[in-house]
Amino acid sequence: MAITTATLVLLVATLLAPSALGSRSGPSSHHGHGGHAKHSPPPSPPPAPAAPVAAALVRTTCNSTAYYDLCVAALAADPSSTTADVRGLSAIAVSAAASNASASAAALGANVTAQGGAAVDGTVQALLRTCSAKYGEARDALAAARGSIAQQDYDYAAVYVGAAAEYPQVCKALFRRQRPGAYPADLAAREEALKQLCSVSLDIISLLSATS
């Protein structure tokens, strides 16, 4: 009988041990009350402090630019901005400007093709073709600027970005000379957009130059 009692005590202890643990650990036990396990919240994922810090860096960096909202929008559009340092943010800003210039070059080229015909002013077509080429040159200058940033040659990067901002102004000057008053509003908007993106890029590059 003593053996039977001892065996029973061991069995009860074995059964109670998981329950006791379950009452302490909550959702990790499968032997307590099932309702508690089902309604307990899942364990929280480990915190990821890098993203908030990077977001703060974007805001701080953009505060040093002339176009804060544009800067934040351009940088936030690239997912890598969440982990980038200031040099990485400058590269992202330059890439955004390059994408803008490339899109304008393509749109103007397509516009020339679409307007091909005897009724279209040949001078305007030639001007649009030149403008497309100038935006292409701006794109290439910005690509060179990104290469300079990668090599930490910030002076050259600034020169390339400054040149990129100037190319659309050549387009405007040609229109004013050959077709006064005929500078398209769409072209004026494209010029201003690229000018502002280049300004943001230059401002961020200036931060790098000041700390290098």
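**Ground rules.** I worked with a predicted model, where local features need pLDDT of at least 70, side-chain atom pairs count only at pLDDT 80 or more, and totals for chains, interfaces and linings use all residues. I kept the numbering that runs from 1 along each chain as its sequence is written, and side-chain values use heavy atoms, with hydrogens and water left out.

**Entry 1: the α7/α8 pair.** I took helices from DSSP runs (H or I, at least four residues), numbered from the N terminus. How do α7 and α8 pack? I found α7 (residues 154-178) and α8 (residues 185-211) at an angle of about 165 degrees, with axes 9 Å apart. Those axes are lines fitted to C-alpha atoms over the stretch in contact, and the angles run from 0 to 180 degrees between N-to-C directions. The angle makes α7 roughly antiparallel to α8 (the cut-off is over 145 degrees). I also noted a left-handed crossing, meaning that the near helix is turned anticlockwise from the far one by less than a right angle. By class, 15 nonpolar, 4 polar and 3 charged residues make up the contact of α7 with α8. Here Asp, Glu, Lys and Arg count as charged, Ala, Val, Leu, Ile, Met, Phe, Trp, Tyr, Cys and Pro as nonpolar, and the others, Gly among them, as polar.

**Entry 2: α8 by itself.** I got 40 Å from first to last C-alpha for the 27 residues of α8, close to the 39 Å expected (1.5 Å times one less than the number of residues). Its buried residues include Leu187, Glu191, Leu194 and Ile204; buried means under 20% relative accessible area, exposed over 50%, and partly exposed in between, with a 1.4 Å probe and protein chains only.

**Entry 3: salt bridges.** I counted 4 salt bridges, each needing a side-chain nitrogen of Lys or Arg within 4 Å of a carboxyl oxygen of Asp or Glu.

- Which residue pairs with Lys172? I found Glu191, with the closest N and O atoms 3.2 Å apart. Lys172 lies in α7 and Glu191 in α8, so the pair ties together parts 19 residues apart in sequence. Lys172 is partly exposed at 21%, while Glu191 is buried at 10%.
- Arg190 meets Asp186 at 3.0 Å, N to O. Both lie in α8, 4 residues apart, about one turn of the helix. Arg190 is partly exposed at 22%, and so is Asp186 at 43%.
- Lys134 bridges to Glu137 at 3.6 Å, both in helix α6 (residues 122-150). I noted Lys134 as buried at 19% and Glu137 as partly exposed at 32%.

Methods: Helices (H or I, at least four residues) and strands (E, at least two) are DSSP runs, numbered from the N terminus. Angles under 35 degrees count as roughly parallel, over 145 as roughly antiparallel, 65 to 115 as roughly perpendicular and the rest as oblique.
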